[in-house]
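Please look through the structure shown here, and then work through the questions and answers on its charged side chains.

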Amino acid sequence: MEYARKIGTKIKLYSQLVMFSHTLFSLPFAVISMIWAAEGLPSWHVMLWGLIALVAARNGANAFNRVVDQSFDAMNPRTAHRHLPKRLLASKEVLWFVVVNYAIFIFAAGMLNMLCFILSPVAIFLISSYSYTKRFTYLSHLYLGFTIASAPIGAWFAVTGQFAFTPFILGTIVMLWIAGFDIIYGSQDIEFDRNHGLWSIPSIFGLKNGLRIAAALHSIMVLLLIVLIPIRQLGWIYIVGIIVSILLLLTEHKIIKPSSRKVMKVASYNLNQVISMVILISALCDFFLL
């Protein structure tokens, strides 16, 4: 019983470490990509190994980011409570967690098709290298979005094993969306970033200009969501979903308050998790019902 309790505690710690709930940022777009690529439900084989690949890749990348950033996390009052600064988990065991997840990702990619297998090391390099970008470029927000954009693109490859135009539009939407709300999230750390030589759009361009850039990125994201309507011959349900998403994005930008951690969590994370689900539900209902 005691052993089972310890295992449960470890699982909980690792789930918190990699922010497992944030899978809602990439998973919905990966599902949309799979459905569109298959022109219906993909085979259980593709869905199973595609999901395993997605979860393993993001778990490995998030855990690696925690290891790389632990010294900065320890100095930042906002992040000092995280698992590595508080020594709830050791760096060595987290690195083993990273290795295991990346190995699972490569194996799952191989179970999908040869293209996914060949591209898996490239994906690992991209999602891992993000952790260093704040040390030398304010474009780190876009790079983060770029790495997460691999979810819908990889999902398309998982189904078809071929390149296509649509998944790259979906990937660009994800990139702009993630970069936009990561800029909002980063506005909490303007002074810390400036004092410790870290790069971010808010710390370089200031709060107001940073938020304007975030709004511009989200505006382009919305335009691309609209561009998909004629390309995929989408109907009114999808359009309603986009309208709701726009209203949620406007709310997100309206309530921004860097001095309030609670408000910033809602603006940066909670509302965006709702947005991804709204887009997912509207896209799938539009596909299967119209």
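Q: Which side chain meets Arg 82 in a salt bridge?
A: This is a predicted model, in which local features need pLDDT of at least 70, side-chain atom pairs count only at pLDDT 80 or more, and totals for chains, interfaces and linings use all residues. Residues are numbered from 1 along each chain as its sequence is written, and side-chain values use heavy atoms, with hydrogens and water left out. A salt bridge is a side-chain nitrogen of Lys or Arg within 4 Å of a carboxyl oxygen of Asp or Glu. At 3.3 Å from N to O, the partner of Arg 82 is Asp 73.

Q: Is Asp 73 buried or exposed?
A: Buried means under 20% relative accessible area, exposed means over 50%, and partly exposed lies in between (1.4 Å probe, protein chains only). Because the relative accessibility of Asp 73 is 6%, this residue counts as buried.

Q: How many residues apart in sequence are the parts that Arg 135 and Asp 69 tie together?
A: The side chains of Arg 135 and Asp 69 meet in a salt bridge at 3.4 Å, N to O. Helices are DSSP runs (H or I, at least four residues), numbered from the N terminus. Arg 135 lies in the loop between helix 6 (114-133) and helix 7 (140-148), and Asp 69 in the loop between helix 3 (44-68) and helix 4 (70-75), so the parts tied together are apart in sequence by 66 residues.

Q: What is the relative accessibility of Asp 193?
A: Asp 193 meets Lys 134 in a salt bridge of 3.3 Å, N to O. Lys 134 counts as partly exposed at 22%, whereas Asp 193 counts as buried, with a relative accessibility of 2%.

How values were computed:
Helices (H or I, at least four residues) and strands (E, at least two) are DSSP runs, numbered from the N terminus.
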